[in-house]
Structures are given as C-alpha cells and as structure tokens.
Amino acid sequence: MTTHPDYWNQLYKDEGRPGWDMDGATPLVRELLGLALPLGLRPGCELVVPGCGYGHDAAELEGHGFAVTGLDFAPLAIQGAMHRYGNRVAWSQGDWFATHLGPWDAIFDHTCFVAMDPARRPAYVDACAGHLRSGGFWLAALFHQVKGESGPPHAIPMEEMRRLAEARFEVLHLAAATESHPRRAGREYLMVARNR
Ligand SMILES: C[S@@+](CC[C@H](N)C(=O)[O-])C[C@H]1O[C@@H](n2cnc3c(N)ncnc32)[C@H](O)[C@@H]1O
C-alpha cells in the first residue's frame, strides 16, 4: 500500500538506492526557480519539499538561499537525507496528509504528487493549500507519461492537473519541462500555482 510509510521504507531498505533516486538534485530545480522567481517567489522564504527522499532537491534549494524543510514519512529516507546533507535542511519525518504542518511560503514537489494513489489527488491538493500561507507557491514537476503500466509513479495529463489544482490554486504556469534529466526527457511538465 503506497499510502503507508512501510511500503516506501521497505523499498529504501531492500534497494538502498531505489530506482527514482538520481543521486543528486533534479535539473528541474533550476528550471522551476527560473519560472517562479519572476512570478513572485522570494529568495529566503520558507519552503518545504514533501516526499523528499534522500534530500537532494531540498539541499540544492537550501543552496539557492531558501529556508528548507525536507519532509518524508519513511524513516530511512530521512536518515539517508541527514547522513548525506547534515543539518543544512530541517528534516522532518511526517505524513503530508497530516493537518498540523506548516505553514510554508512554497512547496517544491518533485516525484511526490505523482507517487500518490490517484484516488488521493483531491486530498493532496487540499493538503498543499492547507500547508501554505495565503499567496504561497506550489512548484511541481509532474509526469504526463510514465514507463510501465501500473504506478507509482502515476502520470496525469496536463489539463487534468489544471482542473485539480484550480480548486484551490491559481495556475500561473503549466507547460512541458525542457531541462529534464535525460532518463526522463520528454515525459515531464512543470506547474507553478499560487494559493488562493
Ligand atoms: C518516488 S519517491 C521520491 C523521493 C524523492 N522526491 C526523489 O525524487 O528522490 C516518493 C517519496 O515520497 C514519500 N511519501 C509518499 N507518501 C508520502 C506521504 N503521505 N507523506 C510523506 N512522504 C510521503 C515516500 O516515502 C518516498 O520517499
């Protein structure tokens, strides 16, 4: 059950470096920041990376001057992130669907939304809105195409993502990614959305 931390923790335990881990930050950190800074994201603001895994993106974002929390509900993910990056980032073991998290100014979402059971998508959007301050940004890298039939990850067409997000967010940018890691080229798109 992907909804339970044991499912993910077991993958970290069995595989050490699971298939999604790229041993470094996604190049989409730079691409998403390049889109969001002109739209009003402020350097220095408080930002969370949900489903941070081993923390590569969170550490990269800290290097860009954000006050970053890396959150994951799998204990081995958080231990691996601490081991790799120390206390530059505030690591937190927690469930994104918990009600008491945040508030943050921005969310950097890479391979977390797409890891969710599709039935949980509306609740996930509500969680993002609930954990952000008013006017806060949700930056997301998403798949419109995945390898294999059954996820995770789960693909979501761009226009379906727009409809889902617009329940709580103003969608400011939604378009294909141009700087994907070669392993994911042509399959990713980016969203920048503002909490209503
Ligand atoms: C596919 S992995 C991606 C990890 C990391 N973003 C990366 O790209 O290396 C998805 C991560 O989301 C975490 N996760 C899944 N559901 C979660 C939830 N409800 N709350 C917090 N973390 C969750 C898993 O433990 C796992 O580390």
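**Ligand shell, sheet and loops**

Q: Which residues come nearest to the ligand?
A: In this predicted model, 20 residues lie around the ligand. The ones that come nearest are W8, G51, G53, A74 and W96.

Q: How do the residues of the shell around the ligand divide into nonpolar, polar and charged?
A: Gly is counted among the polar residues here. On that basis the shell holds four polar and three charged residues, and the nonpolar ones number 13.

Q: In what order do the strands of the open sheet lie?
A: The sheet is built from seven strands with mixed pairing. β3 (90-93) and β6 (169-176) each have a single partner strand, so one side of each has no neighbour in the sheet and they stand at the edges. From one strand to the next the twist averages 20°. The order is β3-β2-β1-β4-β5-β7-β6.

Q: Which residue of β2 is the bridge partner of P50?
A: β1 and β2 run parallel and are joined by five bridges. P50 has its bridge partner in β2, and that partner is L71.

Q: Which residue in β7 stands opposite L142?
A: β5 and strand β7 (residues 188-195) run antiparallel, with seven bridges between them. Not counting residues up to four places away in sequence, L142 touches F113, V114, I156, M161, E188, Y189 and M191. The one standing opposite L142 in β7 is Y189.

Q: At about what angle to β7 does helix α2 (residues 28-36) run?
A: Helix α2 lies across β4 (104-110), β5, β6 and β7. Relative to β7, the helix runs at about 40°.

Q: Is H64 buried, exposed or partly exposed?
A: H64 sits in the loop between α3 (56-63) and β2 (67-72). Beyond neighbours within four places in sequence, H64 contacts L33 and P43. Because 14 other C-beta atoms lie within 10 Å, H64 is partly exposed.

Q: How far apart in space are H64 and Y189, C-alpha to C-alpha?
A: In sequence, 125 residues separate H64 and Y189. In space, C-alpha to C-alpha, they are 22 Å apart.

Q: Where is the place of P103?
A: The peptide bond from G102 to P103 is cis, with omega near 5°. P103 has its place in the loop between β3 and β4.

Q: Is D23 buried or exposed?
A: D23 is in the loop between α1 (5-15) and α2. Its phi is near 60°, a positive value in a residue other than glycine. D23 has 8 C-beta neighbours inside 10 Å and therefore counts as exposed.

Q: Is T111 buried or exposed?
A: T111 is placed in the loop between β4 and α5 (121-131). Phi of T111 is positive, near 60°, in a residue other than glycine. Because 23 other C-beta atoms lie within 10 Å, T111 is buried.

Definitions and conventions: Residues are numbered from 1 along each chain as its sequence is written. This is a predicted model: local features need pLDDT of at least 70, side-chain atom pairs count only at pLDDT 80 or more; totals for chains, interfaces and linings use all residues. A residue is near a molecule or strand if its C-beta atom, placed from the backbone, lies within 6 Å of it. Helices (H or I, at least four residues) and strands (E, at least two) are DSSP runs, numbered from the N terminus. A residue is buried if 20 or more other C-beta atoms lie within 10 Å of its own, exposed if 12 or fewer, and partly exposed in between; C-beta atoms are placed from the backbone. Two residues are in contact if their C-beta atoms, placed from the backbone, lie within 7 Å. Two strands pair if DSSP finds at least two bridges between them. Axes are lines fitted to C-alpha atoms, for helices over the stretch in contact, and angles run from 0 to 180 degrees between N-to-C directions.
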